[in-house]
Amino acid sequence: MTEREVVVGHRLGLHARAAARVVQLASQFQSSITLFRNDHGKELEADARSILSILFLAAAHGSTLIVRADGSDETDAASSICEYLRG
Amino acid sequence: MTEERIIRGVMASSGVAIGRAIRIFDPLLISYNFHIESADTVKEVSRFRDSVEKCRKQLERMQAELRGSSIPESSYFVDAHLLILKDKLFVDRIIDKIQAEAVNAEWAIQQVSGELYEAYDRLHDDYLRERRIDLEDIVRRMLHNLRSKSSSTVPSLPYDAVLVGKSIPPSTLFELRSTRVAGLVTETGSPLSHTAIVARSLGLPAVVGIHDLSGISSGDQLIVNGTRGFVICDPDRATLTEYRQKVKQQRSTVPRSSDHEPCTTQDGVRISLGANINFCEESQSAAAHGMEFIGLYRTEFDFFKEDGKPSEEELTAKYTRVLEALRPAPVTFRTVDVGPDWKSGDGTGSSLASRGLRFSLENQDLFKLQLRSLLRASHHGGMRILLPFVSTIDDLDAAIGIIAGVKKDLTRHHHKFDREVPVGVMIETPAAAQTCDLMASRVDFFCLGTNDLIQYYLVIDRSDQSAALHYTPFHPAILRCLHQVYTLLQYSGRPVTVCGEMAADPAAAAVLLGLGFTSLSVSLAAYPRMRDTIGGLNLGKLRELAGEIMKMESPKSIEDRVRSTIG
């Protein structure tokens, strides 16, 4: 299991198009990928292959996310997703 | 055995109907819910998967088309739709629900999407919250694919159906007009709403303003008595027999040969009687009745489409069909009038602030598109163009300027059209009633829309149930207003046709004739009855009656006086 922390760099946050891109990226890897966000003490999580769950994460520009990947290609998966999220 | 129950409401469209209830959940879609046998869940899941697959193919085709278009970015929204179609939060949960609860796919989709809509609504970000339209769009597409094998948007109904819903938008009724709909029942709305008007023009019995619909479930047998304004739930055998007889009698109103003769009063005065239509298709049946003229074609129902903006070519073809079917009878095309309760396919409603001509002046692209289509059809018959909801001379001048501009443009592009097509004003606001003499020098004719006029004179909320209580054409304020309009227009020499509901009520029509009006236009359903009514009226007596009621004070006593005179 690999975990990375990343600050969302997209100007509009994880909006529809960015969320769609995350899903497309995540689908290229074997590993399961989960995103976590701490919303005023409440821990929210999203499956990186579900566009709806990413939208409901409501990650704005500048918010901090934890990317957790678990599987054979977890290191590549985590870096690839983080790289995209940094913008 | 369940007891017969009577639920009272307000009559919105006369006639009686027998059918089984279909509850409407999404105002834009019909879907029905039921439990299935556990053994059938496998089949239901594969039915659901098929619809997902069909959606995917449709979206991919759309995506390819958009990518190849001049604006490839327009395909981006489809990416999101395709991903939602693969989303386990959506698809997997629907499958789980079908299996765990043994319900039909439509039901599961409604339940799961309902939960997801709530999740959207909880978001703080405005932009993200609005993205629920993506899901709504997918759900609509999916339900549509489930209910029909063809690409048509009209659902097939499993039996003679009475639509039951909190509200049913006129656009939905419009879509369903050629299906097995027998009648409709709604919680909100009034006899003056567009839905009620559409129901009347389609001859669908309707009852509105029912306080509590929770006692009616899909599949319940219902009798809709639109003439008296009530619904009978689970009728017993005797009641059913009685109503089957009534339904049979109702079907026997076919065009008669006498329909083709001129319409005159008992004392031989010629009255022009025309019909109002809402749909292009109705022109055929109006022609069969040998209609003298169409006093009002409400074009908004044929204008908007579920899947976007109408095309000029399509509209031109439609308008040409109407004119050719009715030729040589003149047809008054009222330009698009969207009201507060109107909901077009794309969900845009309209407030009172921008109705009729106001809407057209704010949306000039749509207005010009319609004018171009109208003019390009104009030389195929007797077209007249009517502007709705005019309230100031400035608006009228602006509209006349736009019409002139469109004509110039058509000439430049060598389109054929009738250069002298008459343009008229619909008098339906108190402002227009007070100033119609000022408008007269600018236009060729007038129509009097009594529904709106009465509503605004008497301060009645169109969607309010109490409307039925306070709405009366026999109010002295209305009589004075009608008298004033008649007098003002007499001097101007411009013809006027009364085309509101008032013209279709025998007593109210008698008042109109007594006040001097000689041209009326009524719904197709009311046409044969009104011909008979007029044939039995003595105009001399009606003039005396009008003089008498103009001096009376109470709406109730005026109405009683008129009804007792005409018998």
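Keep in mind that this is a predicted model. Start with chain A, where buried residues account for 40% of the 87 residues.

As for what chain A is built from, you'll find three helices and four strands, and reading along the sequence gives the pattern β-α-β-β-α-β-α. The four strands make an open sheet in the order 1-4-2-3, with antiparallel pairing. Strand 1 (2–7) and strand 3 (42–47) of chain A sit at the edges with a single partner strand each, so one side of each has no neighbour in the sheet. Neighbouring strands are turned by 25° against each other on average, direction ignored.

Now zoom in on one pairing. Strand 1 of chain A runs antiparallel to strand 4 (residues 64–70) of chain A, and six bridges join the two. Val6(A), for instance, has Leu65(A) in strand 4 as its bridge partner.

In soluble globular proteins, nonpolar side chains tend to be buried together. Here the largest nonpolar core has 83 residues, and Ile294(B), Val425(B), Ile427(B) and Leu512(B) have the most contacts inside it. Helix 19 (residues 476–492) of chain B gives the most to this core, with seven residues. Apart from that core lies another, of 57 residues, whose members include Ala16(A), Val52(B), Leu116(B) and Leu146(B).

Finally, take a look around Leu512(B). Leaving aside neighbours within four places in sequence, Leu512(B) is in contact with Val498(B), Met502(B), Ala503(B), Phe517(B) and Leu520(B).

Definitions and conventions:
Residues numbered from 1 in each chain as written. Chains lettered and ligands numbered in written order. Predicted model: local features only at pLDDT ≥ 70, side-chain atom pairs only at ≥ 80, totals over all residues. Buried ≥ 20, exposed ≤ 12 C-beta atoms within 10 Å, placed from the backbone. Core = buried A, V, L, I, M, F, W, Y, C linked by C-beta atoms within 7 Å. Contact = placed C-beta atoms within 7 Å. Pairing = 2+ DSSP bridges. Axes fitted to C-alpha atoms, helices over the stretch in contact; angles between N-to-C directions.
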